[in-house]
Amino acid sequence: MWIYEKKLQYPVRVDTCNPTLAAMILEQFGGPDGELSAGIRYLTQRWAMPTEQAKGILTDIGTEELAHWEIIGTIVWKLIKNVPIKDIEGTPLEAHYVNHGKSPFPHDASGYAWTATFIQSKDDPIANLHEDMASEQKARATYEYLINICDDPGVKDALRFLREREIVHFQRFGETLDIVQECLNSKKYY
């Protein structure tokens, strides 16, 4: 069971106002490889897992991904909350502002709204875990690209933390894949 403590899993410090960077970071807020997609994917797939340990890993990581979604939303909010509207005009965030104001909304960096088609859940735990490992690697790569274009030290620090968690999740899913394959090979499944 998780307890919400009204604090972020990792502190977010933002030193600048930057609507363009905020627009790019929205990729991890509502994109196909972002935190919302990961959280919902894992929390949906957990029912198809053949062991309690595998179900627990998907539940724990899925819940953590939603905490990361909160971190990303906080970064975006802090990057734009004090930006004058005239400084949003002509930036990649302009279309977002027209639709949502400064409130973060789940869409990718190009403005495509989040959709459940970004996730998959099969009654095949092996397929799900392979998808989950690929998802973590794609998220890690996106964080690396965001770090490369980021010039705000506080934001870069939070993005590095999130990138490292993607690596840990990839490793945990690999371990879980071994556990599930062993279970399926023992024919004690279902």
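## Annotated positions

UniProt, in an unreviewed entry, places the feature "binding site" at E35, E65, H68, E136 and H169. These positions are spread over 135 residues of sequence, yet they cluster in space. Their largest C-alpha distance is 12.9 Å. The model discussed here is predicted.

## E65 and H169

E65 lies in helix α3. Its relative accessibility is 0%, so E65 counts as buried. Leaving out residues up to four places away in sequence, E65 touches E35, A38, G39, Y42, E136, E166 and H169.

H169 sits in helix α7. H169 is buried too, with a relative accessible area of 1%. Beyond its neighbours within four places in sequence, H169 is in contact with I61, E64, E65, H68 and E136.

## Helix α2

Helix α2 spans residues 35–45 and is mostly covered. Nine of its eleven residues are buried. They are E35, L36, S37, A38, G39, R41, Y42, L43 and Q45.

What do the buried residues of α2 pack against? Their partners are α1 (19–30), α3 (52–80), α6 (125–149) and α7 (153–185).

## The α6 and α7 pair

Two packed helices are described by the angle and the distance between their axes. For α6 and α7, the angle is about 165 degrees and the axes are 9 Å apart. An angle over 145 degrees counts as roughly antiparallel, and α6 and α7 are therefore roughly antiparallel to each other. Their crossing is left-handed. By class, the contact of α6 with α7 has 16 nonpolar, six polar and nine charged residues.

Technical notes
Residues are numbered from 1 along each chain as its sequence is written. This is a predicted model: local features need pLDDT of at least 70, side-chain atom pairs count only at pLDDT 80 or more; totals for chains, interfaces and linings use all residues. Side-chain values use heavy atoms; hydrogens and water are left out. Buried means under 20% relative accessible area, exposed over 50%, partly exposed in between (1.4 Å probe, protein chains only). Helices (H or I, at least four residues) and strands (E, at least two) are DSSP runs, numbered from the N terminus. Contact means heavy atoms within 4.5 Å. Axes are lines fitted to C-alpha atoms, for helices over the stretch in contact, and angles run from 0 to 180 degrees between N-to-C directions. Angles under 35 degrees count as roughly parallel, over 145 as roughly antiparallel, 65 to 115 as roughly perpendicular and the rest as oblique. A crossing is left-handed if the near helix is turned anticlockwise from the far one by less than a right angle, and right-handed if clockwise. Ala, Val, Leu, Ile, Met, Phe, Trp, Tyr, Cys and Pro count as nonpolar, Asp, Glu, Lys and Arg as charged, and the others, Gly among them, as polar. UniProt positions are given in the numbering used here, feature names are shortened, and annotations may be inferred rather than shown by experiment.
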